[in-house]
Every structure is written in structure tokens, then in C-alpha cells.
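Me: I would like to learn how to read a fold feature by feature, beginning with the sheet. Could you take me through this one slowly?

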Amino acid sequence: MLNWLKNLGRAAQPNASASKSAILEQLWLDTLLQYPFLARRPVADLQQLRGLVERFLKRKEFTGVNGLVVTDAMAVAIAAQACLPVLHLGLRWYDGFTGIVVHPGPMVAQREVTDHTGVVHRYREVLQGEAMQDGPVTLSWEHVEAAGASAEGGHNLVIHEFVHKIDMRDGEADGCPPLATRRSQSDWHETMQPAYDAFCEKVAMAQRFGAEAPWLDAYGATSPAEFFAVTSEAYFVNRERFTLEFPALTVLFDKFFLVRRT
């Protein structure tokens, strides 16, 4: 068990020393300083986020690989970013898995696909992270740690992978999270599809003809699922710029992410 969680348990006891609480407070403040897009949230949001992070850390299991030791500070940093998308949705949206695997840097995954003729192709893919259906979330600590500096460009690896987990709650990631009604599903697709198509066109023009590259990561043009994850990154870490680029998506995401659900 992480030392932070041990201290959390002691701090909840009547005889817990003041120093234990001070350590928890300092750890939280250090996390906010490292990731300014968190610190800019309203005070009420930060109070709620901190409580959510404490519950998240009790429910999830962190594993470092390739010699990496996941420290208390690392676990809190990952948890704080992971909990941001479910601040109003609730932690149940992360039910169904417990593992979070942290690599020191990018990882290499062995892939195997079969084409339409039945030929099997094997290749290696370099990844910063991965969210597996009914499995763990894998993250590169190098990219998690850099999230504070990369927020200006709308990048956030943790949010990206955990939004995939939200997307996967009703099956394979398809770019549309579980929604309560057919009307809300229709509204989602009617808003997302034109935005995705326009983004793909911008990426194609930049790559093929040297036009200005879009603000967001071109990886978002890979599929609707990746577009949802990439746009969610920017929505949470650089809302002002995101709203300028995707005003309709801001309204759509507000309706989904900011409406409290039981």
C-alpha cells in the first residue's frame, strides 16, 4: 500500500497527529502547483476533486514496471487528472477495472491484425498509453509528468486514456459515451460527426498540401473514438482555446461532463 494511503487512514482516526494531515495537505498543494490547469478550478471543484481522488486511490492498484517505483506523489498526480472527467459523473464510471500500469516512458506493443484477404500482419507500435477493454490503463510517466507544460497545446495523456474508459462503458470505444436517451445519442452524433469530419479535412490538408496544421493532435483524426479522447483532453486542460476552436463541442461536453449523475 502507498504511504499516502496509510497516512490517509491514520488521519481519519481520532488520535491522528497533525503532522499526518500536514503531509497530506502539502502533497495535494504540490500536485496543484505541478498541474496549473487543476489549480485554476473553482475552490468548490477542488474540494470535491480531492475527496474523489482519495476514494479513487483506495479503489485502484498502481503497478510500476521496468524498474519504476510509483511514489505517493505520482499516484496522486495520476489520480487527480483521472478524476477530473468524472468530477460530476461519479467514480462508478471507472468501475470494471482496478489496474493502472505505469511505465517510465513510451512502451512498445506487439500488434497483430488480419486484413480482408485473411493475411495476418504483425508489427510493433510505440505507445504513450493505452486503455484496454475490461483491462488496466497503461501510462507513460514521462508524459504524465509533462502534462502541466503541455496543457497549452491541449494535451493530457491521463485524461485521454480515462476518457476511453468512459467511452468503453457500453462496449468498444466508438466516440460516444453511454447516454440515457436516443435523443441525446442523436444530438451527440449530430454535433460530433461534423466536427470530426472538419478536423480530418484539416489534418489531411496539412499533411498532404502543407496547409496550417490544426491546433489539436492529428491523432484525433484516426477514428471517432480518438477524436473524442483528444478533444476531451483539450476541453479539460485549455477550455478557453478549445471553446474558440470547437464552440459546439464545448456546449455538448458541458451537457455530458458537468451534469451530476447518481
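Reply: Gladly, and please keep in mind throughout that this is a predicted model. As a general idea, the strands of a sheet pair through backbone hydrogen bonds, in either a parallel or an antiparallel sense. Here the sheet is open and has 4 strands in the order S1-S2-S6-S5, with mixed pairing. Its edge strands are S1 (61-64) and S5 (129-131), each of which pairs on one side only. Direction ignored, neighbouring strands of this sheet are turned by 20° against each other on average.

Me: Which strand does S1 join, how many bridges are there, and in which sense do the two run?

Reply: S1 is joined by 4 bridges to strand S2 (residues 99-103), and the two run parallel. Within this pairing, glycine 64 stands opposite valine 102 of S2, while phenylalanine 62 has isoleucine 100 of S2 as its bridge partner.

Me: What does S2 pair with through 4 bridges in the parallel sense, and how many of the residues of S2 are buried?

Reply: S2 pairs with S6 in the parallel sense, over 4 bridges, and in that pairing valine 101 stands opposite threonine 138 of S6. S2 is mostly covered, since 5 of its 5 residues are buried, a label that is given under 20% relative accessible area. Gly99, Val101 and His103 point one way from the strand and Ile100 and Val102 point the other way, and all are buried.

Me: Which helix packs on the sheet, and which strands does the helix touch?

Reply: Helix H8 (residues 157-167) packs on the sheet and touches S2, S5 and strand S6 (137-140). The direction of H8 makes about 165° with that of S6.

Me: Turning to the helices, how do I check the span of H9?

Reply: One compares an expected span with the distance between the end C-alpha atoms: at 1.5 Å a residue, the 28 residues of H9 (residues 182-209) should span 40 Å, and the ends are 40 Å apart, which agrees. H9 is followed by glycine 210, whose phi is positive, near 75°.

Me: Which residues of H9 are buried, and what covers them?

Reply: The general idea is that an α-helix has 3.6 residues a turn, so residues three or four places apart point the same way. In H9 the buried residues are Trp188, Met192, Ala195, Tyr196, Phe199, Val203, Ala204 and Ala206. Their cover includes helix H10 (224-237) and helix H12 (247-257).

Me: How many salt bridges are counted, and how should I read individual pairs?

Reply: In general, side chains of opposite charge can pair when their charged atoms come close. The count here comes to 6 salt bridges. One of them lies within H9, where the side chains of aspartate 187 and arginine 183 meet at 3.4 Å, N to O. These two residues are 4 residues apart, about one turn of the helix. Aspartate 187 counts as partly exposed because its relative accessibility is 26%, whereas arginine 183, with a relative accessible area of 58%, is exposed.

Me: Which helices hold aspartate 254 and arginine 239?

Reply: Aspartate 254 lies in helix H12 and arginine 239 in helix H11 (residues 239-245), 15 residues apart, so that the pair links distant parts of the chain. The closest N and O atoms of their salt bridge are 2.8 Å apart. Arginine 239 is partly exposed, with a relative accessible area of 34%.

Technical notes: Residues numbered from 1 in each chain as written. Predicted model: local features only at pLDDT ≥ 70, side-chain atom pairs only at ≥ 80, totals over all residues. Heavy atoms only, no water. Expected span 1.5 Å × (residues − 1). Buried < 20%, exposed > 50% of the residue type's maximum accessible area, 1.4 Å probe, protein only. Contact = heavy atoms within 4.5 Å. Pairing = 2+ DSSP bridges. Axes fitted to C-alpha atoms, helices over the stretch in contact; angles between N-to-C directions. Salt bridge = Lys/Arg side-chain N within 4 Å of Asp/Glu carboxyl O.
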